[in-house]
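I opened this model to work through its strand pairing, its helix packing and its nonpolar cores, and I kept notes as I went.

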Amino acid sequence: MTSNDPHRHHYVPQFYLSQFACHDDENKVTTLAAYNGRDIVAERKSISRIGYEEKLHDYEFKGEKRSIEGTINDQIETPFTQGSTWRKVASGRAAELDESDIEPLYGLIHHLQRRNLEALRFIEMEQERIRRHGFSADDSEEERAMHMALAAHPNAVRDFFHEGILQEAPYLNDAAELGMLVYRTGLRLRTSTNPVIAIGLPGEEAGRKRANGDAARAWWLPLTPHCGVVMTLGASFTGYSNAEIPDDSAQGLNRHYLVQLLEALSVRYILAEDRHIESDLEWAGYRIELRTNQGFRYRKLPG
């Protein structure tokens, strides 16, 4: 590393955040942030100033300071953004997404989950739980061995986090179990600085098991303000669908991010510029407190 190396390491890629830029300023997004457990502030932020942590991807090897930041960009994100899947998304051709885009988009979901600050905080939280209370009956032998190894070295948790970010291949083994539903909508979609949302499967699908015994799963990821993808793994639906959805369905998906902001401590911002912001905040128990030229502040109602 040199003195010119960047230290502001984004845990959600700027190429992704840029898709949700303000209509009149490609360098900014409209954000909602929670403060003091009672206020939510809406204002514009520069894309370069959100979704990052100083030196998140730095590490030390034999006394030498190094970083995986360049490796992430060169080996994973740049090839993806130059591929045909992201070119369709970024150029507004979401209606052209098809079966050939299933694995690249699942790879994007896998990557966004692994590189997010939430993943690191979860590992740290689990390590602290075990340090304080020991293993529980629900911890598998594999989990016990992993956490014992992480506890044996002071830098092991950060190293484990970095290894997960650079892991590209595992999703390819699941290709036959993947399903992809592309949703297009006229309502502007929200996202966040932890953009992948795990969503429930309907009816009998909720209890469905994969061949390896793991539960079937589904994730939602907005790709642009008017297009997103539901990826399923191990559900009865496999293959591909691409369709428009009504506004009320899109609003339901949008509300997931408001819940995420209020419940997940490491989700600093949601990106929201749709017409239902105020009504959804009222739904969540907030009322307008202050309105200025710069944005809004909402306050949690008592009770």
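Entry 1, a strand pair. I began with T30, which stands opposite R44 in β3. Bearing in mind that this is a predicted model, I then traced the two strands and found that β2 and β3 (residues 39-46) pair in the antiparallel sense over 8 bridges. The hairpin of β2 and β3 has 3 residues between the strands, and in this hairpin N36 takes a positive phi near 60 degrees.

Entry 2, another partner of β2. I noted that β2 also pairs with strand β13 (residues 270-271), in the antiparallel sense and over 2 bridges. Here I found L32 standing opposite I270 in β13.

I followed the 5 strands of an open sheet and wrote down their order as β9-β10-β11-β7-β12, with mixed pairing. At its edges I found β9 (197-198) and β12 (239-244), each of which pairs on one side only. I saw that β9 is joined to strand β10 (residues 217-224) by 2 bridges, the two running antiparallel, and that I197 stands opposite W220 in β10. I then looked at what packs on this sheet and found helix α4 (residues 102-115), which touches β7 (178-184), β10, β11 (227-233) and β12, its direction making about 95 degrees with that of β10.

Which residues of the largest nonpolar core touch the most other members? Among its 34 residues I listed Y16, W86, L97, L108, L221, L223 and M231 as the answer. I recorded that at least two residues of this core come from each of α1 (14-17), β2 (28-35), α3 (84-90), α4, β7, β10 and β11, and that α4 gives the largest share, 6 residues. I looked at M231 separately: leaving aside residues up to four places away in sequence, M231 touches I102, L105, Y106, I109, L178, G179, M180, R217, A218 and W219. I also noted a second, separate core of 27 residues, which includes L187, L201, Y257 and I270; I270 is the residue that I had found opposite L32.

Technical notes. Residues numbered from 1 in each chain as written. Predicted model: local features only at pLDDT ≥ 70, side-chain atom pairs only at ≥ 80, totals over all residues. Heavy atoms only, no water. Pairing = 2+ DSSP bridges. Helix = DSSP H or I, 4+ residues; strand = E, 2+ residues; numbered from the N terminus. Contact = heavy atoms within 4.5 Å. Axes fitted to C-alpha atoms, helices over the stretch in contact; angles between N-to-C directions. Core = buried A, V, L, I, M, F, W, Y, C linked by side-chain atoms within 4.5 Å. Buried < 20%, exposed > 50% of the residue type's maximum accessible area, 1.4 Å probe, protein only.
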